[in-house]
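Colleague: Before I rely on any of the labels in your notes, I would like to go through them with you and hear what each one rests on.

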Amino acid sequence: MRAGVLEELRAALGPAGVIADPTRLLAYECDGLALLRQKPAVVLLPRNTEECARAMRILHREKIPVVGRGAGTGLSGGATPVDGGALVGFARMRDVLEVNVADRYARVQAGVVNVDLTLAVEKHGLFYAPDPSSQAACTIGGNVGENSGGPHCFKHGATTRHILGLVIVRDDGSVLDLALPRPDPDGFDLVGLFVGSEGMFGLATEVTVRLVPTPPVTETFLAIFTDLDAACDAVSDSIAAHLEPSALEILDRLTIEAVEDSVFAAGYPREAEAVLLVEAEGTEVEVEATLAPMKAIALRRGAIDVRRARSAAERKKLWAGRKGAFGAMGRIAPDLYVADVVVPRTKLRELVAQSTRIARERRLKLANVFHAGDGNLHPNISYDRRDKDEVRRVLEASDEIMKVVVAAGGSLTGEHGVGLEKQEFMSLVFEERDLHAMCRVREAWDPAHLLNPGKLIPVHACREMRGTERPK
Amino acid sequence: MNPQELVDYTKSLDCIHCGLCLRTCPTYQLTGAESSSPRGRIYLMRAVAEGELAATAPEYREELDFCLACRHCESVCPAGVRFGELIESARSGVEKVQRRGFLARTARRIGFGTVLRSRAWLSLTATSMRLAQRTGAARLLGKLGRPLVEMSTVPPKSERAPLPATTPAVGPRRGEVAMLEGCAMRELFGRVNRATVEVLTGIGFETKVPQGHVCCGALHAHNGDLDGARELARDTIERFEATGNAPVIVNSAGCGAHMKAYAHLLKDDAAWRERGARFSARVKDFSEFVAAEMPADFAGTLGDELGTLTYDDPCHLCHGQQVRAQPRTVLERCGAKRVDLPDSEACCGSAGIYSMLRPDDSKAVFAKKAAAFRSSGAQTLVTANPGCHMQWESGLAREGVKARVLHVAEVLAAALRKARPR
Ligand SMILES: Cc1cc2nc3c(=O)[nH]c(=O)nc-3n(C[C@H](O)[C@H](O)[C@H](O)COP(=O)(O)OP(=O)(O)OC[C@H]3O[C@@H](n4cnc5c(N)ncnc54)[C@H](O)[C@@H]3O)c2cc1C
Ligand code: SF4
Ligand code: SF4
């Protein structure tokens, strides 16, 4: 970094908005994917759109690459810094700017934590539907970056269905204001395009989100299985029967044990091989119409017990257990690799079994906890990053899992994004032509490749494109 | 020095970097910097152990000092990371390799090495503090005297008298307890100590107080003086062993949490670890004990003479000892009208001697609590820890909120007096 730039940034953001000492920078080396690490050159913490824009103008002039960071809970390395680059964090942008109860939307700064948004609107009988398991930490900006999902997205849809508007600071520091909620935008739907862009199109500083009315009745039950396959089959059956609960989650035995040992102990029975967590919401009649056949299916597939949560507190506990599941795995080994793939829901059983086999062959401990309703598998592999050979086997297993999933007609990521982790796998599912098209969309936003460079699109694809299609 | 001895490396490995602890961390809320979050601090500790970061880095110490050791992060961590133990060992490691400035070193030596080890010194300190406050000398001391100016006035000598070695049960005797008098409790909150004895004996328990005991060592451990803490732990264990096997009642959450963890503190010495574990099993927070033993004639005696109460969880009671329901239960059983305090498990910024070492950070943390208290509509704030007690008193006064601050024991004593007028 050129002399004087730091001072300029400090003048733009205030002294607390710039972190440049090597000790503190170390803490920003990685996001939730601790396998990949890179120290940033500087971390910037703007407090509003204006400050963010000011910083981006300076960085653009200096050709310093920029990575956006919400809470750094991403699991694909989306917020891993780049060498010599800046990290722009949104941890000081936590204000809810507007709640419009009548029109059912809210405008928030990008750093608002997902759960704080719901807490801010629940008194109006509203909630923000996408609920990643990391919702107690992850930010709305990060959710936009990854187009995140969550258990209740089975019914309500992932983040993209809930984003109505954005304020975007572009690569050069100009501000694109798309904050007004428009159900049907004029021209291209830039907001829709931006959601899931993993920080490569610009930085979202303000987000306008859709709010959903709290349903009159919510019921949760737990079906207990002595066999993981049977639980998977119950889910496949319920999809075939066109049932629409709001959430359908499976936790296997290893996960249950870890959760029950943690502060989030939910009362999942330890003797079960798998539990199926089902929630339905709506009017009393609607809830019954969903849960009664669900229950019948579970029992038909061999569930040994079906327990209904008797109170709101009990329901909350069941969900807290589910949401603490990844973290609870930390009790098993120092590090956790969370894979994220989507499979056709008719093939749940088969692909769960395959990933278990792949891990077992490599002497790895694998736990399954997943958004079964969406076919979104999360094989969790615990490891110790100090054991180089184990790290190698983990990466190999993850490659292998992705290959069998793609071969079975599934996709690379359900909700955690491509980031650094799955970049090279993009070629498994896309032809060069498609990758080139992606590069061109990206270059429309960021011609100099300064925003989160080296992520998502395989490096070779862009290089080739630059060589062949872009005359100087 | 082997860097792995400067932190509890094994414990640091429990963290899987999920980030679920960020939002509730008061220091992360203030700065938004990853390095002032639990996850960030653990990352730095781990880097020290793995040789990637020198423990001599000033920013490393700054981030450890900045931590309130409130342990809120433990309550939300799914991986079961024991942050309280991590921060104690990391601070002790820093003390080994970093020399503080002359003034800070001297203050630490006098504070931890002399005052917090001798009743005579403690008493002298309290007297001089009171004198400085009453004569206005504290103001003349400028920055040094600021904490004194801002804290509540130290009570007169008459209120700092020792508790008797034995106070007999009132009415039918149901049993016997031992009680921690405490270093600061006696000097600053004699009235709470007396209320504690009044309630314990009032519900039928003869109360014994080991004479000559000074300090449990919690402040030493929290501030990186683990050797000093161990010495005081051994002394505490010995003195309480002499009282028999009765439950040890503690009315200061910070001391209670620390005394329940003596086995860990003394883990390197098998015999003492064993004695520590046995002692710790006897330790009960005041409301933990009373909730189980409260007689029926207490019920519903209190009207609205104390106004509407709200209870603020001391960090070392809720996060440190998992005691959450009992204080609320006993307050309600005695008939007090209680409302919930929003975010009651968030730290108030007192954090032992933190409020004196870092007054600005401490106040910034408190600001949210004051807002929460206002929104609760209560007139009386109830707590269960001396540090929090002082923080609330001075904080609310500073913010211009008229309210009473009481310890759970004081509320119960009031109810008891009403139930059984003498
Ligand atoms: C325990 C745990 C459970 C999880 N459960 C789920 C789950 O159920 N569903 C799910 O989908 N994910 C889940 N995740 C993954 C992760 O939490 C989500 O991807 C989340 O959206 C990331 O949010 P964040 O604020 O941490 O963003 P970060 O990780 O900091 O960033 C994520 C990406 O978004 C970009 N970005 C961040 N902020 C902005 C911004 N303001 N503008 C533009 N780009 C930005 C970053 O550059 C990066 O590419 C989980 C993670 C953990 C650790
Ligand atoms: S919640 Fe626990 S495991 Fe997760 S980052 Fe914080 S300390 Fe580490
Ligand atoms: S103890 Fe409190 S201040 Fe320290 S890291 Fe944990 S939550 Fe933050």
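Colleague: Why is N147(A) called partly exposed?

Modeller: This is a predicted model, and every label I give you refers to it. N147(A) has a relative accessible area of 22%, and since buried means under 20% and exposed means over 50%, with partly exposed in between, N147(A) counts as partly exposed. The residue lies in the loop between α5 (140-146) and α6 (153-156) of chain A, and its phi is near 50°, a positive value in a residue other than glycine.

Colleague: What makes R104(A) partly exposed, and where is R104(A) found?

Modeller: Its relative accessibility is 41%, and because that value falls between the limits of 20% and 50%, R104(A) counts as partly exposed. R104(A) is found in the loop between β5 and β6 of chain A, and its phi, near 55°, is a positive value in a residue other than glycine.

Colleague: How do you know whether F90(A) is buried or exposed?

Modeller: The relative accessible area of F90(A) is 6%, which is under 20%, so F90(A) is buried. Its place is in the loop between β4 (86-89) and β5 (96-100) of chain A. The C-alpha atoms of F90(A) and R24(A) are separated by 16 Å, and the two residues are 66 residues apart along the chain.

Colleague: What makes the pair R61(A) and E62(A) a salt bridge?

Modeller: The closest N and O atoms of R61(A) and E62(A) are 3.0 Å apart, and because a side-chain nitrogen of Lys or Arg has to lie within 4 Å of a carboxyl oxygen of Asp or Glu, the pair counts as a salt bridge. Side chains of opposite charge can pair when their charged atoms come close.

Colleague: Why is E206(A) called buried, and which residue does E206(A) meet in a salt bridge?

Modeller: E206(A) has a relative accessible area of 17%, and because this is under 20%, E206(A) is buried. Its side chain meets that of R107(A) in a salt bridge, with 3.2 Å from N to O. The pair links distant parts of the chain, with E206(A) in strand β10 (residues 203-210) and R107(A) in strand β6 (residues 105-109) of chain A, 99 residues apart. R107(A), at 23% relative accessibility, counts as partly exposed.

Colleague: Why do you say that the pair E187(B) and R119(B) ties together parts of chain B?

Modeller: E187(B) forms a salt bridge with R119(B), the closest N and O atoms being 2.9 Å apart. E187(B) lies in helix α11 (residues 183-188) and R119(B) in helix α8 (residues 119-135) of chain B, so the pair ties together parts that are 68 residues apart in sequence. E187(B) is buried, and so is R119(B). Salt bridges that share partners also join R357(A), E361(A), R362(A), D389(A), R392(A), R393(A) and E396(A) into one network. A search of the whole structure finds 74 salt bridges over all chains.

Colleague: What makes L144(B) exposed?

Modeller: L144(B) has 66% relative accessibility, and because that is over 50%, L144(B) counts as exposed. L144(B) lies in the loop between α9 (137-140) and α10 (146-150) of chain B. Together with F102(B), L103(B) and L141(B), L144(B) forms a nonpolar patch on the surface, with about 500 Å² of accessible area together.

Colleague: How do you know that T139(A) makes a polar contact with ligand 1?

Modeller: An oxygen atom of ligand 1 is 2.7 Å from an N or O atom in the side chain of T139(A), and because a polar contact is a pair of N or O atoms within 3.5 Å, this pair qualifies. A nitrogen atom of ligand 1 is 2.8 Å from a polar backbone atom of A204(A), and an oxygen atom of the ligand is 3.4 Å from a polar backbone atom of E198(A). The protein covers 99% of the 980 Å² of accessible area that ligand 1 has on its own. Ligand 1 lies between chains A and B.

Colleague: How do the residues of the shell around ligand 3 divide?

Modeller: They divide into nine nonpolar, one polar and two charged. Among the residues around ligand 3 are C25(B), C67(B), C70(B) and C73(B).

Key:
Residues are numbered from 1 along each chain as its sequence is written. Chains are lettered from A and ligands numbered from 1 in the order in which they are written. This is a predicted model: local features need pLDDT of at least 70, side-chain atom pairs count only at pLDDT 80 or more; totals for chains, interfaces and linings use all residues. Side-chain values use heavy atoms; hydrogens and water are left out. Patches are made of residues with over 30% relative accessible area and no salt bridge: like charges are joined within 9 Å, nonpolar side chains (Val, Leu, Ile, Met, Phe, Trp, Tyr) within 5 Å. Accessible areas come from the Shrake-Rupley method with a 1.4 Å probe; for residues, only the protein chains shown count as cover. Helices (H or I, at least four residues) and strands (E, at least two) are DSSP runs, numbered from the N terminus. Buried means under 20% relative accessible area, exposed over 50%, partly exposed in between (1.4 Å probe, protein chains only). A residue is near a molecule or strand if one of its heavy atoms lies within 4 Å of it. Ala, Val, Leu, Ile, Met, Phe, Trp, Tyr, Cys and Pro count as nonpolar, Asp, Glu, Lys and Arg as charged, and the others, Gly among them, as polar. A polar contact is a pair of N or O atoms within 3.5 Å; within protein, one must be able to donate a hydrogen and the other to accept it, and residues adjacent in sequence count only if both atoms are side-chain atoms.
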